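Let's take a walk through this one together. Have the sequence and the 3D view open, and we'll go from rings to charges to a helix.

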Amino acid sequence: MGSSINWSTCTGAYPSYFQDPAFTNTGMWENQAIINQPPAGWTGPVFKLSDAYSRAVPESNYPWEKFNPFDQKLSSQQKIDQTEKYIWSVMNYIQEGNIGNSDISKDWQLCNNTARQWFHIPYQTYEPLSGREYVHGLTREAPVTFTIDGNKQINTTVWAVGFYNPAAAKSISAIWTGAPDPQIPAQNFSFNEGSVIGKLLFTTATPDQMPFLKNVPSWKANISDPQYCKCEGKNGNACTFEEETKQCPRQVRDVYLMQFDIAVKDKRSPIGWAYGTFVADGERKATEKNPWNRISPLGLMWGNDTPPLGTGAIKYPANSHADLKESVIFWDVADMLNQKTNAGHLGCNSRLNGPADNAKSSCLSCHQTASVPDKNNKTPAILYQFGGFGNNNGQCLTGSDPLNLAIDQVYFKNFSCAESFTGPTAIVPPPVYAGGQKQWISTDFSLQVSISLTQWQEWNEDKKKGLKLRVFDGVLPNRGE
C-alpha cells in the first residue's frame, strides 16, 4: 500500500464507547449512573473507535482468492481441504498488523495499523446494557447457558467486538460519512467485493469450567454481571436507562476468547458471502506460539441447505454429517467441544453456528435478516421466536405444523447479498418506512450496520423529545440462547 495513505483511522467523530466523556455535552448520559468510564489511575487500554471510513483504501488482490471451496466439482475431501485453506488465509489476513504485541491487551488496537487499515462500526453505544465497554470496545451479545459434565448448567455472557477491512469501510462511508447524522439507505445497501468482517467473541465462562478455554487469550473488560444482568422496571414497565445503569453496574472482569467469526464478500459464493467460525481450542493447541491461533475452524457456510417444501429444516438433510451441500463442518472440532460440554451444538440440524449462537438458527439465517430499521425503529426478527408473535410457532422445530414449515422456508431460504428479507406477512411483518418502501431495506447481511442505525435513530428521537428518562424502544438483534 502506498505511503500517501493516512494511516490514522480514529477521528473521534462518534462515541468510542458507552458513556464516552467526550460526548457528555450532548446529553447522551444525562440522569444515568456512570458505570463505564476509566477510573482515576487507570493504566490499562482505553478503546478508540476507528471511524475514518472515507480514508479507506481497498486492495485489488486477496490471499483467499487462490482457494475455491464453492466449486461444485470438488470431491468431499477436496472441498474440506479448500475450505481449510480458505478460512485460514482469511484469518491470517485479519491478524496482520493487529496482533503481535508482547502484551496481548494491546492487540487489536486498530487506529494505527500500518499493514492494513481496519475499522469499527459506530453507535454500538447508546444502550446501557449492551453498549461498548471502555477497555476494548466489547458489546454485550447474549446470555448463553452451557451444560457441563452431562448435567450441570452454567450461565454465561458473550461480549464481542467486530472490525471491517478497507473494502468494507469504503462501503460504510456511504452511510457513516463523518457527519454526526448518517445517510440512511433508501434502497438495499451493498458491501464492495472483497469486504471482510472479523469478530472476536469472548465469554465469561472460565477455563476451569470449559477446558478448551485453557491457554486462549484473556482480556480485562468492563462488563456487567457475568450471568447476564436483567433490569426490572417499576410497576412492570420497561426499565429506563437510569434504572439500567443502577441495577446493572459494571466492573472490570476477565473474559476469554471463545469464538472468532469471519465474513467475506466473495462473488464465487452462490449468495455472494461466505461465513466462517473458529472456536477456542486451547488444550489441544497449548504449544502454538501465536496465542490468537489457539483456535480451530468449526466451519464455513455459503448457503442454508433450504429444506424442500413440506419438510422441516431440523429433518433436512437426513444425514447432516454427510449431506450438507452448502457448508463444511469440521466434525473433529465439534466433537471435541462436545466431549465435556454442549459447546459444539452448531445450528439447526448441524448448520453452521458457533457456541455463542442459537442452536435453532444458522450464521446465514440470522445475518440475512439484517435491515435498515423503519420509522418505528423495528427490524425483522433474527430468529422467528424472538419476534414476539404470541404463538408457540418457530423455526427449526420438530413436528409438521404448517406455520412451522412455512417459517423454515423463509428463515432457511438462501437470500442473496443485498436482497430484501421477505416472506408472508404472518412470518415477516412489513416495514413502515417514512419513505414508503414496501420491503425491508437490506444492510447486506450486516447486523452491526442495522444495530448502529437502530441505536442512532433511538438517540435522535430521544434528543428531539428532550427526554431525560430514556427507554430503549427499538429491538436490537441478539444471538441469545
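Are W88 and F278 buried or exposed? Both W88 and F278 are buried, where buried means under 20% relative accessible area, exposed over 50%, and partly exposed in between (1.4 Å probe, protein chains only). Before going on, a word on where this comes from: it's a predicted model, local features need pLDDT of at least 70, side-chain atom pairs count only at pLDDT 80 or more, and totals for chains, interfaces and linings use all residues. Residues are numbered from 1 along each chain as its sequence is written, and side-chain values use heavy atoms, with hydrogens and water left out.

Now for the rings. Rings of Phe, Tyr and Trp (its six-membered ring) pair if their centres lie within 6.5 Å; planes under 30 degrees apart count as stacked, over 60 as edge-to-face and the rest as tilted. By that rule there are 33 aromatic pairs. In one of them, W88 and F278 sit edge-to-face, 4.9 Å centre to centre with 70 degrees between the planes. Helices (H or I, at least four residues) and strands (E, at least two) are DSSP runs, numbered from the N terminus.

Y126 and F241 make another edge-to-face pair, because their planes are at 65 degrees, with the centres 5.2 Å apart. Y126 lies in the loop between α1 and β1 (139–148) and F241 in helix α3 (residues 241–247), so this pair ties together parts 115 residues apart in sequence. Y126 counts as buried at 1% relative accessibility, and F241 does at 2%.

On to the charges. A salt bridge is a side-chain nitrogen of Lys or Arg within 4 Å of a carboxyl oxygen of Asp or Glu, and the structure holds twelve. R116 bridges to E59, with the closest N and O atoms 2.7 Å apart. R116 is in the loop between α1 and β1, while E59 is in the segment before α1, 57 residues away. R116 is buried, at 8% relative accessible area. E59, E96 and R116 are linked in a salt-bridge network.

Last stop: helix α5 (residues 331–338), where W331, V333, A334, M336 and L337 are buried. These buried residues pack against β6 (273–280), β7 (295–301), α4 (320–323) and β8 (327–329), with contact meaning heavy atoms within 4.5 Å.
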